[in-house]
Amino acid sequence: MSVDRPRPLVAGNWKMNGLRSSAKVLSEIHAGYTPGLKAKVDLLVCPPSTLLHVFALASVGSRVAVGGQDCHAKELGAHTGDISAEMLADAGATYVIVGHSERRQFHGEKDADVCAKAVSAHRAGLTAIVCIGETRQEREAGKTLNVVRKQLRGSIPVDSNPQNLVVAYEPVWAIGTGLTPTAADVAEVHALIRDELRRLVGKAEAPKVRILYGGSVKPSNAAELMAVENVNGALVGGASLGAADFLAIAGAYLG
Ligand code: PEP
């Protein structure tokens, strides 16, 4: 293993799921985050904003990080219903997901919006998990690498470094569908991302940036996907809603 290889991160994106009673899942995650797992992999839970503060308080001392799922680019102001990166940080978040395909698709977010949100995450001291990925049509048209390159260049702030940036490659067609790309396809895209990062954050820092794979990761395919070159963890949707599956995915790093 290269000395530069980053410590893996397995992140759960709960999306619009979870009530106060879901604190039970979080305590099961704490209980299952054994010293063996802690030695190998970082864990992050991104619940809905309503649960963020209580999850952050419950996670103090556990080494399970808590993050937001989105933020506004501005610090404060007349933006009804929005949440700023500073508010997430104030609630105890240390990460925020930006540019998830559901935000791009259903809220019309473009690369420049995603970049502005990542800038705001950095301003608030958060690590931005910047999501990129092609649609099925783009893959079928052979445009995957061009799409991913363009999204990456447009979405990553200039002040990014391995501490404040995580990139998540999430093919849109793999999210919530049970479909996954082949290991070779994942390797090809992650290699391109690593290469682009050399340009964006510099040759010395690029190997240290974590690049997550996301899209229908589950216990049965995690070991194969996590073993792919340049895959430094997973962004997990559906399978992160239960502690057993989430921990089993992280368990891929136990070897
Ligand atoms: C996601 O939405 O980030 C995701 C990866 O979802 P799923 O694991 O359910 O495909």
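## Helix packing

A crossing is called left-handed if the near helix is turned anticlockwise from the far one by less than a right angle, and right-handed if clockwise. The crossing of α6 and α8 is right-handed. The model is predicted, with local features requiring pLDDT of at least 70 and side-chain atom pairs pLDDT 80 or more, while totals for chains, interfaces and linings use all residues. Residues are numbered from 1 along each chain as its sequence is written, and side-chain values use heavy atoms, without hydrogens and water.

Helix α6 spans residues 111–123 and helix α8 residues 144–155; they pack at about 45 degrees, with axes 7 Å apart. The two are therefore oblique to each other, a term for angles that are not under 35 degrees (roughly parallel), over 145 (roughly antiparallel) or 65 to 115 (roughly perpendicular). D111, A112, V114, C115 and A118 of α6 meet K150, Q151, G154 and S155 of α8, where contact means heavy atoms within 4.5 Å.

## Lysine 117

K117 belongs to helix α6. Its relative accessible area is 9%, so K117 is buried (under 20% relative accessible area, with a 1.4 Å probe and protein chains only). Beyond its neighbours within four places in sequence, K117 contacts D70, C71, H72, A73, V98, R103 and E109.

## Cysteines

The structure holds 0 disulfides, a disulfide being a pair of cysteine sulfur atoms within 2.5 Å. The closest cysteine sulfur to that of C46 is in C131, at 9.4 Å, too far for a bond. C46 is buried at 0% relative accessible area, and C131 is buried at 1%.

Terms used: Axes are lines fitted to C-alpha atoms, for helices over the stretch in contact, and angles run from 0 to 180 degrees between N-to-C directions. Helices (H or I, at least four residues) and strands (E, at least two) are DSSP runs, numbered from the N terminus. Buried means under 20% relative accessible area, exposed over 50%, partly exposed in between (1.4 Å probe, protein chains only).
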